[in-house]
Amino acid sequence: WAGYIPSGGYPTGTNQLIVDYFHYYAPTNVLFWTAASSAYWTNSANWVSNLPPVAASDLTFSYLSQDLSSVLGRDYTVDGLIFLNMSDSASISGTNTLTLGAGGIDMMAADQNVTLNAPLNLTASQRWTVGRNSPGNVLTVNGSVAGAATLTKAGYGALTLNGTNSFTGTLNADTGSSNTNDGVVTINGSAAIANVASPIYIRNTGTGVSTLQLSNSVT
């Protein structure tokens, strides 16, 4: 113990605390996209510590990313996607398939829109949470969605499904909360829900609000 802190604070006093080094431990499953070298996920130099994505990874896009318009480059399986405060809107593109696990998509802290153009495969029940700005940001899915898991829309932002989807799982347009605004799910064409398990659920009650919006002559 170096004694009481001087009234003027450090370093005006004679006591000093010298730190040789410190360790910072981050969760090993959180992986940050930097785009330091190119737009492609296959280039390990684009990820913090040159660590490419693995199945347990939660891929995080934020203001640390130099380029938020990324391209898969090959098929990937990850736990989920996280979008934080970003300098611009983000997109994931390419013809390869991105397989998402239980981590789903988390845009609760995002302050920009996100567009997914690459094909998606859902292998576990998951939430897609869209925030943050009032009335909320937009998650636009142009790529095809496959899988048989349960997909739940959460958050007061908007989810727009534009693709031709083979998804056969259950689609929840909300979380079922009695006091949560879960925003809007827009089905932009019949092909987006042609194979979805029936029925599509809208379960919010009480003061909870959610909307299922059908566009372009959905049958």
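These legends accompany several close-up views of one predicted model.

The model is predicted: local features need pLDDT of at least 70 and side-chain atom pairs count only at pLDDT 80 or more, while totals for chains, interfaces and linings use all residues. Residues are numbered from 1 along each chain as its sequence is written, and side-chain values use heavy atoms, with hydrogens and water left out.

**View 1. The whole chain.**
The protein chain has zero helices and 16 strands. Helices (H or I, at least four residues) and strands (E, at least two) are DSSP runs, numbered from the N terminus. Along the principal axes, the C-alpha atoms fill a box of roughly 80 × 45 × 25 Å. The chain has 219 residues, and 41% of them are buried. Buried means under 20% relative accessible area, exposed means over 50%, and partly exposed lies in between (1.4 Å probe, protein chains only).

**View 2. The segment before strand 1.**
P6 sits in the segment before strand 1. Its relative accessible area is 22%, so P6 is partly exposed. P6 and Y40 are 34 residues apart along the chain, and their C-alpha atoms are separated by 53 Å. Y24 also belongs to the segment before strand 1, which spans 30-32. Y24 is exposed because its relative accessible area is 68%.

**View 3. The loop between strands 1 and 2.**
W33 lies in the loop between strand 1 and strand 2. W33 is buried because its relative accessibility is 0%. W33 and L51 are 18 residues apart in sequence, and their C-alpha atoms are 9.8 Å apart in space. A35 is found in the loop between strand 1 and strand 2 (58-61). A35 is not a glycine, but its phi is positive, near 55 degrees. With a relative accessible area of 7%, A35 is buried.

**View 4. The largest cavity.**
Rolling a probe the size of a water molecule over the atoms shows where empty space is left. The structure holds one cavity of 30 Å³ or more. The largest cavity contains about 70 Å³ of space. On a 1 Å grid over the protein atoms alone, a cavity is a set of points where a 1.4 Å probe fits but cannot get out; lining residues have an atom within 4 Å of a point. Grid points are joined across faces, edges and corners, and a volume is the space filled by probe spheres set on the points. The lining includes W128, L161, N165, F167 and I193. By class, the lining has nine nonpolar residues, one polar residue and no charged residues. Ala, Val, Leu, Ile, Met, Phe, Trp, Tyr, Cys and Pro count as nonpolar, Asp, Glu, Lys and Arg as charged, and the others, Gly among them, as polar.

Side chains of opposite charge can pair when their charged atoms come close. A search of the whole structure finds one salt bridge. The side chains of D174 and R203 form the salt bridge, at 3.4 Å from N to O. D174 lies in the loop between strand 14 (171-172) and strand 15, and R203 in the loop between strand 15 and strand 16, so the pair ties together parts 29 residues apart in sequence. A salt bridge is a side-chain nitrogen of Lys or Arg within 4 Å of a carboxyl oxygen of Asp or Glu. D174 is buried, with a relative accessible area of 0%. R203 is partly exposed, at 31% relative accessibility.

**View 5. Strand 15 and the chain beyond.**
G183 is part of strand 15. Its relative accessible area is 6%, so G183 is buried. G183 and Y156 are 27 residues apart in sequence, yet 3.9 Å apart in space, C-alpha to C-alpha. P199 lies in the loop between strand 15 (181-188) and strand 16 (209-215). The peptide bond from S198 to P199 is cis, with omega near 5 degrees. N216 lies in the segment after strand 16. N216 is not a glycine, but has a positive phi of about 60 degrees. With a relative accessible area of 55%, N216 is exposed.

Note on methods
1 Å grid on protein atoms, 1.4 Å probe; cavity = no way out; pocket = protein on both sides within 12 Å on 5 of 7 lines; lining within 4 Å.
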